[in-house]
Amino acid sequence: MALDIVSETRSFGGTQSVFKHSSNTCGCEMTFAAYLPPQAEEGPVPVLWYLSGLTCTHENAMTKGGFQEHAAKHGLAVIFPDTSPRGDSVSDDEAYDLGQGAGFYVNATRDPWRRNYRMYDYIVSELRSVVMDSLPLQDRHGITGHSMGGHGAITLAIRNKDLFQSLSAFSPIAHPTQSDWGRKQLSAYLGDDESAWSDHDSTLLLEEHGWKGELLVDQGADDQFLELLKPEALAEMMAKRRQPGQVRMQKGYDHSYFFVNSFAGDHVAWHADRLN
């Protein structure tokens with residue numbers, strides 16, 4: 001699949017690029033960013049996927065997350081996908097938390113969303129193939145994300161344990177079937193049958209399947225969206241299932257990219273230890 005280079009910038013000895021390509025899965029043009037560390041000039045490197053949250057594009061974490069310095073230190077590539085299909089022909093909603101910018105990393109089954117909103121397949125299949133075919137990457141993958149992207153990281157990894165070797169999340173929407181950040185979107189994209197929602201709920205997936213390795217979750221203790229995120233549900237399920245890992249409540253931190261940037265180094269090192 002042909003990639004068009006939108007931009008290319010030197011960063012910490014590596015290269016931060018933005019690409020566009022035509023997506024058969026989403027039926028539109030998609031944009032993503034990719035950071036290649038200096039080690040990629042010598043040969044393929046492991047890759048960390050970063051899934052962004054509501055209202056974000058590929059650009060937010062690329063410019064505000066502070067991942068490049070840490071990725072260069074540890075020799076990891078970082079892929080920043082978009083959060084939804086986009087374009088004049090793609091269905092949208094006036095609300096910020098549905099439609100463009102709010103794909104929720106599911107394959108929609110209801111109109112008008114099902115024609116384009118197939119972000120689950122886009123991430124785990126199409127974009128994965130695109131970057132593996134086009135960039136100097138090892139077939140060793142970690143995944144992380146923030147908020148809606150944290151939800152996406154955990155659900156995609158648990159459902160595709162053969163594709164991902166490491167997992168972490170920043171402030172994930174941890175129990176969307178029991179939250180207004182989840183029930184609204186899952187009913188719109190998947191319908192009113194709640195039995196179809198459980199495959200997209202981190203807490204329920206962890207209960208049923210567990211995760212093959214350790215799980216790192218960082219959550220701001222002063223996050224203004226704690227009632228919507230429900231980190232306690234995930235923490236309680238980890239304890240109940242004796243899932244190895246940590247849920248760290250970080251005193252004084254909110255839901256912003258200042259929080260993500262503050263702990264990006266910890267997460268990149270976490271993945272590097274498991275991928276290298």
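Student: Before we start, which pLDDT do local features need here?

Tutor: Residues are numbered from 1 along each chain as its sequence is written, and side-chain values use heavy atoms, with hydrogens and water left out. The model is predicted, so totals for chains, interfaces and linings use all residues, side-chain atom pairs count only at pLDDT 80 or more, and local features need pLDDT of at least 70.

Student: What is the strand order of the open sheet?

Tutor: Strands here are DSSP runs of E, at least two residues, and helices are runs of H or I, at least four residues, all numbered from the N terminus. Two strands pair if DSSP finds at least two bridges between them. The edge strands, each pairing on one side only, are β1 (4–11) and β9 (245–250). With 9 strands and mixed pairing, the order reads β1-β2-β3-β5-β4-β6-β7-β8-β9.

Student: Is strand β3 largely enclosed or open, and how many of its residues are buried?

Tutor: Buried means under 20% relative accessible area, exposed means over 50%, and partly exposed is in between (1.4 Å probe, protein chains only). Strand β3 covers residues 28–36, and it is largely enclosed by the rest of the structure because the buried ones number 8 of the 9.

Student: Which residue of β3 is the bridge partner of Gln16?

Tutor: Strand β2 (residues 14–23) runs antiparallel to β3, joined by 9 bridges. In their hairpin, 4 residues sit between the strands, and Gly27 takes a positive phi near 70°. Across the pairing, Gln16 has as its partner Tyr35.

Student: And which residue of β5 is the bridge partner of Ala33?

Tutor: Strand β5 (residues 77–81) pairs with β3 in the antiparallel sense, over 4 bridges. β5 is also joined to β4 (residues 45–51), this time parallel and by 3 bridges, with Leu48 partnered by Val78. For Ala33, the partner in β5 is Phe80.

Student: How many disulfides does the count come to?

Tutor: A disulfide is a pair of cysteine sulfur atoms within 2.5 Å. Cys28 is in none, since the nearest cysteine sulfur, that of Cys26, is 5.4 Å away. For Cys56 the nearest is also that of Cys26, at 17 Å; by this rule, the count is 0.

Student: What is the relative accessibility of Cys56, and is Cys56 buried or exposed?

Tutor: Cys28 is buried, with a relative accessible area of 9%. Cys56 counts as buried too, and its relative accessibility is 7%.
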